[in-house]
Amino acid sequence: GGGGGFSVFAADELDEAGLSCPVLPEATQRALREFHPVAGTSVRNPVDTIVIFDPAKLRETVGIIGSAENIHAVMFHISFSFGGWRRSASWFDPQTYRERAVEALVEARTACGKPVVVMLRPPLDVQAMEQSMAFQELCWRADIPVFPSIPRAANAFAKLLRWRQARET
């Protein structure tokens with residue numbers, strides 16, 4: 001996800017649910033460093049970077065992470081509570097971003113062959129709620145699971161893993 005500490009929060013929630021957020025292999029980190037800025041970015045896992053607002057870089061990021069041998073699923077968190085600066089930026093069109101981001105997630109999922117899920121962080125205003133709902137609808141149409149929060153996603157994955165382990169024994 002993007003910056004702001006929510007990726008660390010997501011890793012903590014996975015840990016609390018009994019799952020892990022493994023450190024990415026060095027080759028994966030090197031591949032991510034090729035196009036992620038050094039300042040304000042983490043490519044170890046959790047990956048925390050602002051480049052996700054470029055759908056092409058989002059696709060590449062998710063594909064690279066999902067291709068790592070120690071990754072079983074990619075969890076992407078986002079909020080549409082961007083603040084006034086992005087809403088007023090003439091270069092940023094939320095509708096175009098939503099559509100291209102979902103396309104990027106589908107392409108990355110196909111490329112890496114691993115599940116990709118979305119966690120929507122709570123919106124802070126009505127406009128962000130509308131953006132979140134529209135993004136969620138696009139994800140559903142593309143068969144991308146969407147969770148209303150990071151803790152809900154972590155707990156769902158943990159329950160699924162426990163169910164799978166029980167069936168195998």
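Biologist: What is the relative accessibility of Glu 26, the residue I would like you to start from?

Modeller: Glu 26 has a relative accessibility of 41%, so it counts as partly exposed (buried is under 20% relative accessible area, exposed over 50%, partly exposed in between, with a 1.4 Å probe and protein chains only). This is a predicted model, in which local features need pLDDT of at least 70 and side-chain atom pairs pLDDT 80 or more, while totals for chains, interfaces and linings use all residues. Residues are numbered from 1 along each chain as its sequence is written, and side-chain values use heavy atoms, without hydrogens and water.

The side chain of Glu 26 meets that of Arg 33 in a salt bridge, 3.2 Å from N to O (a side-chain nitrogen of Lys or Arg within 4 Å of a carboxyl oxygen of Asp or Glu). Arg 33, at 42%, is partly exposed as well.

The structure holds four salt bridges, and another of them joins the side chains of Arg 59 and Glu 107, again at 3.2 Å from N to O. This pair links distant parts of the chain, since Arg 59 belongs to helix H3 (residues 55–67) and Glu 107, 48 residues away, to helix H5 (residues 94–112); helices are DSSP runs of H or I with at least four residues, numbered from the N terminus. Arg 59 is partly exposed at 34%, and Glu 107 is partly exposed at 41%.

Arg 141 and Glu 137 form a salt bridge too, with their closest N and O atoms 2.9 Å apart, and both lie in helix H6, four residues apart, which is about one turn of the helix. Here Arg 141 is exposed at 65%, whereas Glu 137 is partly exposed at 32%.

Conventions. Helices (H or I, at least four residues) and strands (E, at least two) are DSSP runs, numbered from the N terminus.
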